[in-house]
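Please look at the sequence and the structure first.

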Amino acid sequence: MNADDDGQASLADRFLARFNAAGGDSSPLSLLADDSAGYLEAVTIRTSEFSAAIEQAADAVQGTTADLIGGSFASAACLPSGAVLVADDAFRAWLIEGEDVAPSIDIRVDGSAQLSLLLQSRTGRPVAVTSAGKAAARSWPLSRDVRTELDAGRATHAVLAFCPDGLGWARASSALGLTPAQSRLVTALVLKGDLRSAARVVGISYETARTTIGDAIQRVGAKRQTELVRLVLRLAGGDLREPDTVTRVFADLFGLTLRQAQLARIIASGATRAEAARLLGLSQHAVKTDLKHVHVTCGATSALDLTRLSAEVDALTGLATACDIRLARAEQSTPLRLLARIWAPGRIAVSDHGPGDGFPVFILHTLAMGRELSPRFIEALKSQGLRPIVFERSGFGLTDFVQGEPIETFVRDFQTVIDALGCEQVLLVAIGMAHGAVSAAGRLPDRVRGGLLINPGPPARLDRSRRGFLGASRAIFYERPWLAEKMARLLSQRTNSEAIARLVLDSVRGSSADAAALQDPAELDVLVRACRQCAQSMRGFLAEIIARGAGSEAAALADGRAWTLVFGDQDAVFDQSASMPFWQEKLPGARIVRLPDAGRLVHLTHSTIVAELCGEQVLRR
């Protein structure tokens with residue numbers, strides 16, 4: 001080994017030593033930004049050691065980030081015995097109403113999180129709750145009184161129940177496009193567990209309730225009531241994903257076998273007995289027998305009751321294992337719709353910022369982000385009479401993952417969305433997924449008027465830039481795809497908002513324009529929230545980056561004059577000398593706009609210019 005090799009080895013070894021020492025930290029990812037040179041060397045010349053280190057770091061936490069609707073969780077504080085000391089109004093109404101003595105909670109003495117069951121006093125239905133000591137529950141959405149008792153040491157454990165409030169129900173109803181009448185009935189259906197009781201609560205006949213719920217099921221694209229209820233509960237809690245271990249948690253909580261727990265969750269997700277039998281490879285008789293046992297053991301009176309219990313366990317397990325929790329603030333809320341896929345299972349998350357009569361402009365998010373978009377950019381587009389729309393691609397944020405080649409998947413989802421929103425023609429602005437934008441235009445020439453590609457990167461075969469955290473990461477995903485899954489787990493499960501912010505700032509190092517723009521805390525926070533949405537499910541990120549490394553590209557268009565290529569000369573991520581000729585060949589005749597005082601975040605730093613280019617593009621056609 002020569003002297004240069006010694007220097008490289010020392011750089012890699014120092015990085016690995018610091019990375020491994022950060023095992024107790026909630027997020028060792030900050031080191032990737034602080035020492036990108038050591039990170040790159042560890043990837044390239046200490047590959048096996050690096051692989052072991054990231055696997056160990058990812059195993060330390062099982063959950064992802066969680067962005068919660070705070071009012072959807074009721075809280076209490078309890079003593080070491082498990083006796084409830086104080087509870088907020090929602091917890092008392094949900095679980096203690098009418099009781100002289102508050103319930104006792106099963107807790108763990110070591111303070112770690114644990115799920116347990118309580119009986120709802122009004123109905124006798126079982127309700128899942130989760131408890132944890134003060135340290136483990138420090139970021140939970142607790143009421144002021146509950147937190148005061150914990151801080152004063154009078155209580156030792158916090159308790160949470162999943163109990164959506166008006167804001168949670170409103171978010172779910174809006175996202176699913178339910179009418180007010182449908183929303184009231186679905187809410188009552190969740191709370192009561194059967195349609196007849198729900199009809200009495202809202203003051204309508206059973207026949208009217210059947211018609212109303214049938215219309216809601218059709219509007220949402222659900223298969224049956226259970227799937228509709230599960231969707232509503234999923235959305236009412238916020239952006240929260242259950243961990244891979246949730247089936248085992250469900251089994252342990254109710255004393256079921258793993259197969260019985262799998263069956264319960266499949267039925268709760270909207271499947272019929274016949275479908276469940278096929279999925280599990282069982283006879284329908286075996287499914288019937290197991291399902292009867294599940295209902296008795298879980299105390300569920302119906303499939304809807306089982307769905308509610310399953311959703312509670314999902315939400316509470318996801319919260320208890322989350323690596324970082326944030327409460328969504330009303331001023332940060334963005335319009336959300338979940339649209340059913342026509343061509344494959346699952347739903348697509350869409351943010352349509354309006355106005356309805358504006359010309360639709362679809363903004364394609366980057367590989368590391370989700371549906372959040374800068375308010376500055378949104379307003380700039382609206383000022384040009386445009387209608388900004390973002391949808392999360394397969395496996396990003398709240399969009400369900402579907403197997404397939406990512407560009408093909410994007411094009412099919414894109415067609416589903418523009419059809420569902422009634423968009424006859426659209427403009428595309430690709431902050432990311434440039435190949436998808438061009439492929440969509442080639443596949444749907446009568447629907448896509450062209451658009452803008454902002455700082456489009458070169459294909460993997462031409463991408464030699466390894467600057468900073470992003471450049472070092474591409475060395476993994478392009479050249480060592482077998483490491484990609486481990487790295488994706490690390491990015492998803494060992495992060496928090498502070499670490500994301502540092503990585504975002506690192507990605508624009510060298511661009512004074514971007515650095516200045518991110519001095520605005522509100523704009524930095526938008527990017528952090530977008531990255532959190534990506535981190536909640538890294539399956540889309542993983543599929544796209546591996547496909548890119550394997551050579552996935554768009555076919556060239558015969559005529560690219562409907563397109564504008566926008567490059568910021570200060571872009572610190574990609575090398576324009578490789579990107580520009582490649583995209584000029586893909587889009588012959590495309591207009592080139594170079595901005596000397598712009599970097600990677602052109603849509604943020606030069607939002608007015610980008611919006612004007614979009615307006616011109618619409619008029620040119």
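**Backbone and helix packing**

Pro355 lies in the loop between strand E10 (347-352) and strand E11 (359-364). Helices (H or I, at least four residues) and strands (E, at least two) are DSSP runs, numbered from the N terminus. This is a predicted model, where local features need pLDDT of at least 70, side-chain atom pairs count only at pLDDT 80 or more, and totals for chains, interfaces and linings use all residues. Residues are numbered from 1 along each chain as its sequence is written, and side-chain values use heavy atoms, with hydrogens and water left out.

- Most residues other than glycine have a negative phi, and most peptide bonds are trans.
- The peptide bond that joins Gly354 and Pro355 is cis, with omega about 0°.
- Met433, in the loop between strand E13 (426-430) and helix H19 (434-443), has a positive phi near 55°.
- Met433 counts as buried, at 11% relative accessibility (buried means under 20% relative accessible area, exposed over 50%, partly exposed in between, with a 1.4 Å probe and protein chains only).
- Asn455, in the loop between strand E14 (448-454) and helix H20 (468-479), has a positive phi of about 50°.
- Asn455 is buried, with a relative accessible area of 2%.

**Helix pair**

- The axes of H12 (residues 246-254) and H13 (residues 258-268) come within 8 Å and cross at roughly 110°; axes are lines fitted to C-alpha atoms, for helices over the stretch in contact, and angles run from 0 to 180 degrees between N-to-C directions.
- H12 and H13 are therefore roughly perpendicular (65 to 115 degrees; under 35 is roughly parallel, over 145 roughly antiparallel, the rest oblique).
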